Amino acid sequence: MTSGRLPIGSSRSLPVRLSVERRLAAPRWLGPVTTIGAVVLALLVSAVIIALVGGDPVRSYLHIVRSAFGSVGVLSDTLVKATPLILTGLACALAFRMRLWNIGAEGQFLLGAWGASAIVLAPVLPAGTPGILVIPAMMLAGAAAGAAWGMIPGVLRARFGVNEIITTLMLNYVALLWMQYWVFGPWSEGGFQQTAQFPREAWLPRLTDLSGSLPAFSGLTIHLGLVFGLVAAAVVWFVLRRGRWGYEIRLIGDSPRAARYAGIDIARHIVVVFAISGALAGLAGMSEVSGVVHRLQDRISPGYGFTAIIIAYLAKFNPLGVIVAAILFGALLLAGREIQPSGVPSMIQGIVLFALITSEILVRYRVRLVRPGRAAA
Amino acid sequence: MTDGPALPARSAGAGAAVELRGIVKRFPGVVANEGVDFTLRTGEVHALLGENGAGKSTLMNILAGIYRPDGGDILVDGQPRDFRSPREAIAAGLGMVHQHFTLVPSQTVTENVLLGLDRPRFRLRLGRYEAEIARLADRFNLRTDPRAKVWQLSVGEQQRVEILKMLYRGANVLIMDEPTAVLAPQEVEELFRTLRAMTAQGRSVVFISHKLSEVMAIADRITVMRRGRVTAAALPGSGATRSQLARLMVGREVLETVARAPSRPGDVVLSIRDIEADNDKGLRALRGVSLDVRAGEILGLAGVAGNGQSELAQVITGLRPYAGRIEIAGREVAMSPRRAVARGIAHVPEDRTGVGSAPNLSLTDNLIMKRYRQPPLARGWAIDRAAARSLAQRLKDEYAIAAPSIDTQARLLSGGNLQRLILAREIDLQPSLMVAVQPTRGLDVGAIEAVHRLLMARRDAGAATLLVSEDLDEILALADRIAVMYEGGIVGTFDAADADIHEIGLLMTGGRRSADDAAAAADAVGAR
C-alpha cells in the first residue's frame, strides 16, 4: 500500500491524466532498452543543439563516427583510449557494488604507473633483462602499488570508520605530487617533466610490432593492455555473478547489517575490495606507461580515474557494461581532437549522462494514462 | 447501487458525518479497495478492523485527501466532495493522524501546531497561542505542555500533539491510523479517554486497527475489511465477540492459542554465565546475566522494552561484544556472527527489514544467506545457482511465502510474508538452538498464528528456543519457562504452569518478589 503515486495535471481540464506509479518488478529487457533509448535521445538533443549553432548534425555525427570507428587505424586508437578506462572503470564498478565510494582510481592509476616505472628506472631489474621477465615484473609492481594505495583508505575505513570519499579524493593529490617528485627530480630526463624512454623490453607488445610478418597490422597501436582489460572484466563479472565472494559483496552492498547477521566479516571485505580496486587501477597505470607512453611523465592521465566514475555508473556497475561504456568514452575522447568547436563531444558526453541518469526513473516507475473515476469527475 | 438512482446529495441518515460509496482504488498489481461503502455517524467511534493489507489505511487515505479514488463517491455532511490534497480534506473538517508522526523535534508543541497555518501572519506572539492550545488540550483531555520541545516528549505525548494539530485546524472527524501500535498500556487508556471526550462533544472518530481487544474496548460500531472488501459493515460494538471478529477479519476460524504438547526438556543446549555487555550508546545493558535453555523447551524472556533483552539476544547470536561465558551443548564458544551461523544457531532478529533480510536482493538471495557456504549450495569458490533456486522454491512452497516468484525483491513482501521468509530460512537449518526476538510484532492475527505454530513445531522437534517478547500474552501462550528481565538482569524465573501474571508484571516494572531477595532472584538459573 506504500506505492507512491503522483498525479500530474488536473482532472478537471483533461479527460485522462498521467499517473506515475512505482513498478513492482521491472522486466529484464527494460534496463538495456531504456539505456539505449536514453543514448539515442541524447544524440537527438545534441543534434538539435549542433543545428542551432549552425552546424550540420548529420555531418558532425558522421565525422565523429568516422574519426572514432571509421577505419581500422582510428578504431585501434579508440581502443587504446578505452584500455585504461576499462581497467579504472572496473576498479570503480567493483567498489561501488559494495557501496564503497572509491573515487581514488586516479591516484591508484598514478601509483601503478609509478610502480611499474620503478622496475625500469630504479632500476629494480638490471638493464638487458628480457621482456618476458620485465613485463610481468612491471605488472606486478603496478598492481601492487595501486593496491597498496587503495588499501590505505580501505584500512582506515574498516578499522576506524573514516569516510573513504574524503580519503580517496585527497590521496589522489598526494599520489600526483609523489609521481611528480620522481618525474621532476630523481628520474627526470635532462630536467624535462618526463623520464627517459623505457628500453624496448619494457614495452607491452603492440599489433604494429607484428607488421613485419603481417603488414596489415602496420601502425595499429593496440597493445596487450587491452587484453588485460577484457580478461579482468570477464573475471570480475564471473566472480561477482557466480562466486560466493560476489554474493557477499552484493549482500554487504545492499545491507551491511544483514551481511553481518549472515556471518560475513565486513571489515575484511572492505580492505580486500579496496586492494583489488586499487590493483585494477594500478594495472591501468602500468598498461599506459608500458603500452602507450613508454616513459613516466607528468600528465600521464587526462583524468582516466575520474572518467571511470562516470563509466562505472553508466555500466550500472556491471563489469561487461564497463567495456561498452569505456569504448564509447574512448571514442568521444578521440573525437574531441577532431571536431570543431571542440566542446561538442563533451557536450554530448554530458547530455548522454544526463539522459541516462534520468532514464532510471522509467525503470523504477511506470507512466500510465488514467481515466478518472466518478469521484474525480 | 441497490438503492435506485440515488441523488448524489442524498445521505444515508441524518446523523452521517461521512459517507463513502463504492470506493475503488487500484495500485499496480493489487486492488486495494473494491467497491467499499462506509458510513461514519456524528459522535461515534467507528472502528475499521482488518489484517495488514486489507485496505483500511488506503480507504482512509482517500478520505483524508492523500490518495484519489479510481471510482466511487465521498460525501461529507451530505455534500459530494473531491479532495485533491490533505489540505482540502482538513478544510472540510477531516483530519488524519498517521502512524509515523510529522513533527519538528526542535520546535515547541505550539510551534508545531501552528506550523503550516497562515494564522500568525507576521509577528508570532506565541503566548496568546499557547493559552489557546492549552485550553483546547484541556477540553479533550490531551495533557501536554504547549511550551515543551517535541524532542522532550514521549511517543504518547507526541501523538497528542498530532491530534491537537488536527483539532486546532477544526477537524470534526478524526481518523486515527493504528494509534496504539506505539503506545504503552497506560497511554492507550489516556488515548481512549481523549477519543471519548471528542465523541461526547459531537465529533467523530475512525479508529483503524487490527487489534481485537482494543477495537472491542473503544468502538461504538465496527466495520471489518478483508482483501479490499467490507466483510461486515457497521456491527454494533457491544454485541461483537472476539472469535466472530477474528473470523470476519481472517476469513476462517482462528486459533488464538496454539495447541501445545507437554514439553519434554532434554539436555542443556545453551548455557550462559555472568554475561556483561554494553548497548549501542556505550551504557551497561547487561549486568551478569546467567541462564540455561534446554532442548525441547521454550524459555520466554519477558520484560519492558529496553531492559537488555535485545542486547542479550545479540550477544547469544554473536552480534554484540560481551564478557562472560557462553556454552553451546556443553562446549564454550567465543561467540561471533560467523560462529553462530556455523554452530547452526537460528536467529529471528528484531529488525526484519534491516538485519533479517536484504531488501533489494531476491527471495533466493535472502533464503540462502545462512547456508551458501556449505554444499550443496557451495561448489568450491562458486555458488551452485540451480541448487540455490531449487532450495528457494522449496522453502517458498513449504512455508507459503506469498510472492510472485523467487526472483522477487524482499522489500516487496508484506510484513507477515517477510517474517515467513526469515522463519523458513532459520527453521530449515534444523537448528538445535533458536533465538526469536519479537517474532510477531506488527503482524496480524493470521500471521501471528502461523509464526506461533512454526515455533511450537520446532520446539516439539527438540530445539531449544529463547523467545524474547514484550507481549506477555505471547510469552504465556508459548513459553514453558519464563524469565523476567529488569535493568539488565534476570529478576525471576517461573515454570509457565504456575506463573502468576501479576507477579511477573510487578517484576517487569522493578518490584521485588516478596519471599525472595535480589540475590536469590539473580541465582534463579538453577531454580527450575
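Trainee: In chain A, what share of the contacts with a separation of 6 or more comes from residues 24 or more positions apart?

Mentor: Bear in mind that this is a predicted model. In chain A, residues 24 or more positions apart account for 75% of the contacts with a separation of 6 or more.

Trainee: And how many helices and strands does chain A have?

Mentor: Chain A comes to 13 helices and three strands, and of its 377 residues, 45% count as buried.

Trainee: Okay, helix packing then. At what angle do helix 5 and helix 10 of chain A cross?

Mentor: The axes of helix 5 of chain A, residues 131–160, and helix 10 of chain A, residues 266–293, cross at roughly 145 degrees and come within 6 Å. The crossing of these two helices of chain A is right-handed, and by class their contact has 19 nonpolar, nine polar and one charged residues.

Trainee: What about Ala267(A), is that buried, exposed or partly exposed?

Mentor: Ala267(A), which has its place in helix 10 of chain A, has 13 other C-beta atoms within 10 Å and is therefore partly exposed, since a residue counts as buried at 20 or more such atoms and as exposed at 12 or fewer.

Trainee: How far apart are Ala267(A) and Gly154(A)?

Mentor: They are 113 residues apart in sequence, while in space the distance from C-alpha to C-alpha is 8.7 Å.

Trainee: Now helix 7 and helix 8 of chain A: why do they count as roughly perpendicular to each other?

Mentor: The axes of helix 7 of chain A, residues 225–242, and helix 8 of chain A, residues 244–254, come within 5 Å and cross at roughly 75 degrees. Angles of 65 to 115 degrees count as roughly perpendicular, and so helix 7 of chain A and helix 8 of chain A are described that way.

Trainee: Which residues meet there?

Mentor: From helix 7 of chain A, Val239(A), Leu240(A), Arg241(A) and Arg242(A) meet Trp245(A), Gly246(A) and Ile249(A) of helix 8 of chain A. By class, that contact has four nonpolar, one polar and two charged residues.

Trainee: Switching to chain B, what does its radius of gyration agree with?

Mentor: Chain B has a radius of gyration of 26 Å, which agrees with a compact globule, because one with 528 residues would have a value near 24 Å. The C-alpha atoms of chain B fill a box of roughly 75 × 55 × 50 Å along the principal axes.

Trainee: And its secondary structure and burial?

Mentor: Chain B has 17 helices and 22 strands, and 46% of its 528 residues count as buried. Among contacts in chain B between residues at least 6 apart in sequence, 68% join residues at least 24 apart.

Terms used: Residues numbered from 1 in each chain as written. Chains lettered and ligands numbered in written order. Predicted model: local features only at pLDDT ≥ 70, side-chain atom pairs only at ≥ 80, totals over all residues. Axes fitted to C-alpha atoms, helices over the stretch in contact; angles between N-to-C directions. Helix = DSSP H or I, 4+ residues; strand = E, 2+ residues; numbered from the N terminus. Parallel < 35°, antiparallel > 145°, perpendicular 65-115°, else oblique. Contact = placed C-beta atoms within 7 Å. Nonpolar A, V, L, I, M, F, W, Y, C, P; charged D, E, K, R; others polar. Rg over C-alpha atoms; globule rule 2.2 N^0.38 Å. Left-handed = near helix turned anticlockwise from the far one by under 90°.
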